[in-house]
There are 2 protein chains.
Amino acid sequence: MCEHCGCQERNKELEIKKHLLEANLDLAAKNRDLFRKRGLKALNLISAPGSGKTSLLEATIDALKGQIPLAVIEGDPETERDAARIRAKGVPVVQITTGGACHLDARMVHQAFHQLEEETFRLLFIENVGNLVCPSSFDLGEDVRVVLVSVPEGSDKPAKYPAAFHKAQVFLITKIDLLPYFDFDLEECKRLAWKINPQLQIIPLSARTGEGLDKWLSFLQGLVSK
Amino acid sequence: MCEHCGCQERNKELEIKKHLLEANLDLAAKNRDLFRKRGLKALNLISAPGSGKTSLLEATIDALKGQIPLAVIEGDPETERDAARIRAKGVPVVQITTGGACHLDARMVHQAFHQLEEETFRLLFIENVGNLVCPSSFDLGEDVRVVLVSVPEGSDKPAKYPAAFHKAQVFLITKIDLLPYFDFDLEECKRLAWKINPQLQIIPLSARTGEGLDKWLSFLQGLVSK
């Protein structure tokens with residue numbers, strides 16, 4: 001190893017990160033308690049950019065209209081585009097723009113939740129920053145963690161990004177209307193995901209055609225009735 | 001603001017991050033010097049997971065065979081899958097598995113480069129971890145930063161993830177053979193990217209059909225002849 005390969009600061013950084021993750025866990029527990037007291041279930045949606053989180057939320061809002069009142073917290077490095085899309089559906093929404101930061105944390109969600117205090121809802125969707133790596137490390141106080149991979153991204157993603165799957169309860173394989181155009185092996189993708197997390201509930205679906213959406217909606221109906 | 005919203009450690013974290021970024025810049029400068037002395041040009045490929053970085057490299061290797069000798073450094077949180085794909089093309093390759101970390105840094109690239117010391121090549125492709133956020137902050141010592149967005153991800157990505165575009169010289173819009181199946185506005189995507197970085201060279205292409213690949217290859221040929 002040559003003289004340039006080390007870095008003295010690395011251990012100090014790891015120590016601070018550990019501390020921050022612990023502080024985040026404390027606040028996540030407080031969020032969880034707050035959500036429980038308010039009688040709502042929270043879902044943390046994690047995926048790469050462009051996997052279709054916002055499109056799925058739009059389809060979910062349309063399908064649950066008049067059945068289950070819901071609210072959304074949107075996370076993005078920049079822009080209010082996603083919040084505008086949700087607001088257009090008549091649903092309470094708060095946009096968190098992280099100013100370039102790569103994930104949401106429990107503190108940001110806590111602050112955003114304050115802005116929803118006047119609203120009444122049973123389901124809270126938290127759309128994380130588009131990133132399949134960093135959001136995995138940060139508990140937001142959610143009841144259910146949902147990880148999404150879209151067909152164009154490729155069926156190898158669970159093997160390459162296992163951390164996103166470890167603590168998830170639901171894995172949505174999105175944009176399955178595109179299966180005919182891609183070399184995406186659905187069974188291989190499921191097998192890789194179950195290898196990491198055998199309890200994972202896997203739902204392939206398309207927000208565009210509605211295929212598979214019934215299973216996702218049943219899951220949400222089951223969740224609020226718990 | 002309620003009692004749960006602050007975190008004492010945040011300033012300390014920011015300070016250490018600043019220090020690490022500065023240390024990274026020093027080592028990146030050393031990498032750059034090393035690459036120059038070895039008479040090669042290095043490219044840092046940044047995109048979300050599944051944007052087609054490895055497929056583009058496969059197509060590039062096929063097209064440049066016998067013309068420009070090249071080598072590849074692959075970055076992934078886990079697995080050696082991408083390195084195996086490149087190795088099958090008969091090109092020298094080193095896989096960096098970051099163990100979950102969300103980006104490559106100059107130190108990792110420096111160590112990987114040591115493993116290519118016996119090889120002779122003119123172009124070094126560094127495929128970063130699939131992540132459109134964190135890799136943007138870390139100079140690897142590359143000559144050219146290339147950012148990729150694929151058609152299925154959506155044309156709004158430059159606006160949402162501007163940091164990835166700030167320091168890039170080339171923006172590849174990949175998988176353009178899929179334009180008929182997606183609501184992707186090519187002109188809007190270019191406009192958003194140029195708004196962030198007016199010097200950006202934008203090349204729409206498809207590694208599958210070969211459309212637009214000639215412009216990318218011309219860029220690479222121009223780069224090595226500099």
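Residues are numbered from 1 along each chain as its sequence is written, and chains are lettered from A in the order in which they are written. Because the model is predicted, local features need pLDDT of at least 70, side-chain atom pairs count only at pLDDT 80 or more, and totals for chains, interfaces and linings use all residues; side-chain values use heavy atoms, with hydrogens and water left out.

The model scores ipTM 0.87 and pTM 0.91. Chain A has an average pLDDT of 94. A score of at least 70 is reached by 96% of its residues. Here pLDDT is the predictor's confidence in each residue, from 0 to 100.

Two copies of a chain are related by a rotation about an axis and a shift along it.

Contact (heavy atoms within 4.5 Å) joins 53 residues of chain A to 53 residues of chain B. Of the interface residues of chain A, 100% are also interface residues in chain B, so the copies meet through the same surface. The buried area is about 4400 Å². This is the accessible area (1.4 Å probe) that the two parts lose on being put together, summed over both. Carbon and sulfur atoms give 64% of it.

Across the interface, 10 residue pairs are in polar contact, both residues being at pLDDT 80 or more. A polar contact is a pair of N or O atoms within 3.5 Å; within protein, one must be able to donate a hydrogen and the other to accept it, and residues adjacent in sequence count only if both atoms are side-chain atoms. On chain A, helices α1 (10–37), α3 (81–87), α4 (106–114), α5 (157–160) and α7 (186–196) each supply at least two residues of the side that touches chain B. Helices are DSSP runs (H or I, at least four residues), numbered from the N terminus. The largest share, eight residues, comes from α1(A).

Two salt bridges (a side-chain nitrogen of Lys or Arg within 4 Å of a carboxyl oxygen of Asp or Glu) are counted between chain A and chain B. K160(A) and D82(B) form a salt bridge at 2.9 Å, N to O. Over all chains, the whole structure holds 28 salt bridges. Among them, R85(A) pairs with E58(A) at 2.9 Å, N to O. This pair links distant parts of the chain, 27 residues apart: R85(A) lies in helix α3 and E58(A) in helix α2 (residues 53–64).
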